[in-house]
Amino acid sequence: MKPDLFTAPDYYNIDDLLNEEHKMVREATRSWVKKELSPIIEDAAQKAEFPKDLLNGLAEIGAFGPYIPADYGGAGLDQISYGLMMQEIERGDSGIRSTASVQSSLVMYPIFAYGSEEQKKKLLPKLASGEMIGCFGLTEPDFGSNPGGMLTNFKDKGDHYLLNGAKLWISNAPFADIAIVWAKNEEGRIHGLIVERGMEGFSTPETHNKWSLRASATGELIFNDVKIPKKNLLPNKNGLGAPLGCLDSARYGIAWGVIGAAMDCYDTALRYAKERIQFGKPIAVKQLQQKKLSEMITEITKAQLLAWRLGTLKNEGKATSAQISMAKRNNVDMALKIARESRQILGAMGITGEYSIMRHMMNLESVVTYEGTHDIHLLITGLDITGHSAF
Ligand code: TGC
Ligand code: FAD
């Protein structure tokens with residue numbers, strides 16, 4: 001792979017909207033990505049291996065629980081810093097950002113927001129330091145966009161619960177130490193349970209042959225009469241709103257993260273267009289290539305402003321789920337289109353692992369589907385503005 005020469009575009013001086021802490025967090029993450037992630041990521045993706053050696057570094061830069069209070073081992077940062085961190089990590093690779101998103105928003109957040117004090121004290125510091133890795137089980141083979149229909153269930157057996165069912169497409173599942181699993185009780189109410197690796201009847205087979213997110217490990221969670229101690233139930237929220245509340249936080253991170261992937265594609269394509277000579281001139285002088293690049297920087301700028309405004313709303317506790325859906329949908333779509341256009345600017349070179357573009361493009365095909373598909377987020381906006389559910 002070519003050396004990482006990334007220069008971040010900032011066409012509307014969005015840096016002026018950031019404070020010193022935001023810029024410091026962003027620079028620290030950016031330099032970690034250049035030094036540790038960029039040199040190894042292409043090889044990991046080609047081999048379809050999750051680069052476990054990055055886990056310590058991710059913990060050290062504060063990517064596990066950026067907005068979880070320091071009392072519980074988190075970095076205690078605000079939502080803009082969290083977003084910028086996701087942007088920089090996804091600039092390197094969406095799969096590595098996935099690992100950070102899952103750990104922070106889908107494992108640490110539910111423990112922090114819905115867990116008992118004992119669960120928080122026991123688990124959050126270990127998750128923040130990377131000593132323990134988690135995953136989040138909501139999707140099932142027959143219930144993806146419609147998680148409310150889930151079949152995974154648990155029964156009260158007096159001194160413990162008995163868990164049965166299966167989850168599919170679970171990021172980090174093959175190596176996670178714990179899983180936050182969403183399951184129905186005997187009344188059909190959804191609750192979160194902490195399932196630990198090693199519990200009898202619990203297995204996590206890996207899903208192979210993915211063409212997307214190859215540097216992220218994906219798998220199943222299978223529960224066959226798993227005995228769950230009662231203290232492993234998250235006590236402070238139940239119903240479908242509980243897992244969906246975690247998704248709000250992860251979707252917000254994705255709205256920022258994909259800007260990083262788009263920036264990397266744009267920056268690579270711009271540099272290539274200035275250097276690549278055809279018909280005696282750099283292809284950057286051609287109007288068709290300028291159209292592509294101009295539209296890209298316009299879309300990146302709009303996405304940056306959307307993410308920044310959403311971040312300020314989130315910091316004030318005012319961001320709605322529907323606003324988060326709009327930003328996730330718009331920004332992922334923007335990044336995917338930019339990846340496809342950038343790939344064309346590089347011609348044949350664009351399909352090789354010498355450049356990051358094809359990897360970003362393939363990764364984004366998962367990002368547009370997970371955490372709510374492109375269609376589902378459109379229907380969430382539709383419901384919000386019309387008051388009618390079209391699911
Ligand atoms: P609906 O009746 O609308 O809602 C049920 C209850 O939930 C509440 N609610 C929310 N609460 C918090 N945040 C949100 N975003 C919420 N959306 C809804 C709602 O108020 C209601 O509460 P209550 O108290 O009245 O019961 O539910 P529905 O069954 O009609 O479904 C709505 C729909 C389709 C929007 C929802 O199910 C959905 O978002 N589907 C998409 C599924 C999804 O996003 N799955 C993601 C799985 S995790 C993942 O992909 C991780 S990828 C990780 C990585 O690698 O980065
Ligand atoms: P389906 O729900 O079957 O949808 C198929 C198509 O139908 C889509 O185009 C969808 O938009 C459309 N559709 C569905 N319903 C409607 C409707 N009402 N109206 C119109 N169109 C509709 N899940 C987890 O729980 N944890 C994880 O860690 C996790 N990680 C993932 C990692 C990867 C790499 C991938 C690919 C997925 C992951 N997922 C995870 C699962 C992900 O959230 C689901 O794939 C996603 O929610 C969509 O579900 P589905 O694939 O079953 O598609």
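How far does a polar side-chain atom of Thr-139 lie from a nitrogen atom of ligand 2? The distance is 2.7 Å, one of several polar contacts reported here, that is, pairs of N or O atoms within 3.5 Å.

Some ground rules before going on. This is a predicted model, where local features need pLDDT of at least 70, side-chain atom pairs count only at pLDDT 80 or more, and totals for chains, interfaces and linings use all residues. Residues are numbered from 1 along each chain as its sequence is written, chains are lettered from A and ligands numbered from 1 in the order in which they are written, and side-chain values use heavy atoms, with hydrogens and water left out.

**Ligand 2**

There are 18 residues around ligand 2, and Thr-139, Ser-145, Trp-169, Thr-373 and Asp-375 come nearest; a residue is counted if one of its heavy atoms lies within 4 Å. By class, this shell holds 9 nonpolar, 7 polar and 2 charged residues, with Gly placed among the polar ones and Asp, Glu, Lys and Arg counted as charged. Because domain 2 (134-232) and domain 3 (241-386) both give residues to the shell, ligand 2 lies between them; the bounds come from an automatic or database domain assignment.

**Contacts of both ligands**

| Residue | Protein atom | Ligand atom | Distance |
|---|---|---|---|
| Leu-138 | backbone N or O | oxygen, ligand 2 | 3.0 Å |
| Trp-169 | backbone N or O | nitrogen, ligand 2 | 2.8 Å |
| Ser-98 | side-chain N or O | oxygen, ligand 1 | 2.9 Å |
| Ser-145 | polar backbone atom | nitrogen, ligand 1 | 2.9 Å |
| Asp-248 | polar side-chain atom | nitrogen, ligand 1 | 2.8 Å |

Taken alone, ligand 1 exposes 1100 Å², and the protein buries 68% of that; accessible areas come from the Shrake-Rupley method with a 1.4 Å probe.

**Ligand 1**

Around ligand 1 there are 24 residues, the closest being Ser-171, Asp-248, Arg-251, Glu-371 and Gly-372. The classes here are 11 nonpolar, 9 polar and 4 charged.

Which element gives the largest share of this shell? That is α6, with 6 residues. Both α4 (94-114) and α6 (241-275) supply at least two residues of the shell around ligand 1; helices are DSSP runs (H or I) of at least four residues, numbered from the N terminus.

Ligand 1 sits in the largest pocket. On a 1 Å grid over the protein atoms alone, a pocket is an open set of points where a 1.4 Å probe fits, with protein on both sides within 12 Å along at least five of seven lines. A molecule sits in one if more than half of its atoms lie within 2 Å of its grid points.

Notes
A polar contact is a pair of N or O atoms within 3.5 Å; within protein, one must be able to donate a hydrogen and the other to accept it, and residues adjacent in sequence count only if both atoms are side-chain atoms. On a 1 Å grid over the protein atoms alone, a cavity is a set of points where a 1.4 Å probe fits but cannot get out, and a pocket is an open set with protein on both sides within 12 Å along at least five of seven lines; lining residues have an atom within 4 Å of a point.
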